[in-house]
Amino acid sequence: MVDIFVKDLGIVLDVGMEMKFSLPLSASAHQQFLSASAAGFGKEDDSAVIKAYPGINLSQNRRMK
């Protein structure tokens with residue numbers, strides 16, 4: 001779930017701060033998952049993070065090639 005990633009990435013960032021270790025990609029991912037959670041996708045699968053990007057419409061019937 002998106003909300004689990006918010007929690008887990010928050011833990012990762014907390015540990016990084018304690019160790020004074022920069023984690024820019026983790027921080028960016030955390031922000032994206034926070035946005036998705038705030039948009040109401042918190043209980044959905046982690047792939048729902050893409051729904052937070054405006055203008056991206058994914059077809060439910062589209063299959064990966």
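What share of the contacts with a separation of 6 or more in the protein chain comes from residues 24 or more positions apart? I looked this up first, in what is a predicted model. Residues 24 or more positions apart account for 50% of those contacts.

**Entry: the chain as a whole**

I listed the secondary structure and found two helices and zero strands in the protein chain. I then checked burial: buried residues make up 22% of the 65 residues.

**Entry: helix α2**

Which residues of helix α2 are buried? I noted that α2 covers residues 24-41 and that Ser26, His30, Phe33, Ala36 and Phe41 are buried in it. These residues lie on the same side of α2, because they cover an arc of only 125° around the axis.

I next asked what the buried residues of α2 pack against. They pack against α1. On the face of α2 turned away from its buried side, I found the exposed residues Pro24 and Ala38.

**Entry: the aromatic pair**

How many aromatic pairs are there? I counted one aromatic pair. Its members are phenylalanine 5 and phenylalanine 33, with ring centres 4.8 Å apart. I recorded the pair as stacked because the ring planes stand at 10°, and the cut-off for stacking is under 30 degrees. The pair links distant parts of the chain, with phenylalanine 5 in helix α1 and phenylalanine 33 in helix α2, 28 residues apart.

The cut-offs here are under 20% for buried and over 50% for exposed.

**Entry: glycine 10**

Is glycine 10 buried or exposed? I found glycine 10 in helix α1, which covers residues 2-18. Glycine 10 counts as buried because its relative accessibility is 15%.

I then listed what glycine 10 touches, leaving out residues up to four places away in sequence: Phe5 and His30. Phe5 is the phenylalanine of the stacked pair, and His30 is one of the buried residues of α2. Last, I took a distance to glutamine 31, which is 21 residues from glycine 10 in sequence. From C-alpha to C-alpha, glycine 10 and glutamine 31 are 9.8 Å apart in space.

Definitions and conventions. Residues numbered from 1 in each chain as written. Predicted model: local features only at pLDDT ≥ 70, side-chain atom pairs only at ≥ 80, totals over all residues. Heavy atoms only, no water. Helix = DSSP H or I, 4+ residues; strand = E, 2+ residues; numbered from the N terminus. Buried < 20%, exposed > 50% of the residue type's maximum accessible area, 1.4 Å probe, protein only. Contact = heavy atoms within 4.5 Å. Arc of directions from axis to C-beta. Phe/Tyr/Trp six-rings, centres within 6.5 Å; stacked < 30°, edge-to-face > 60°.
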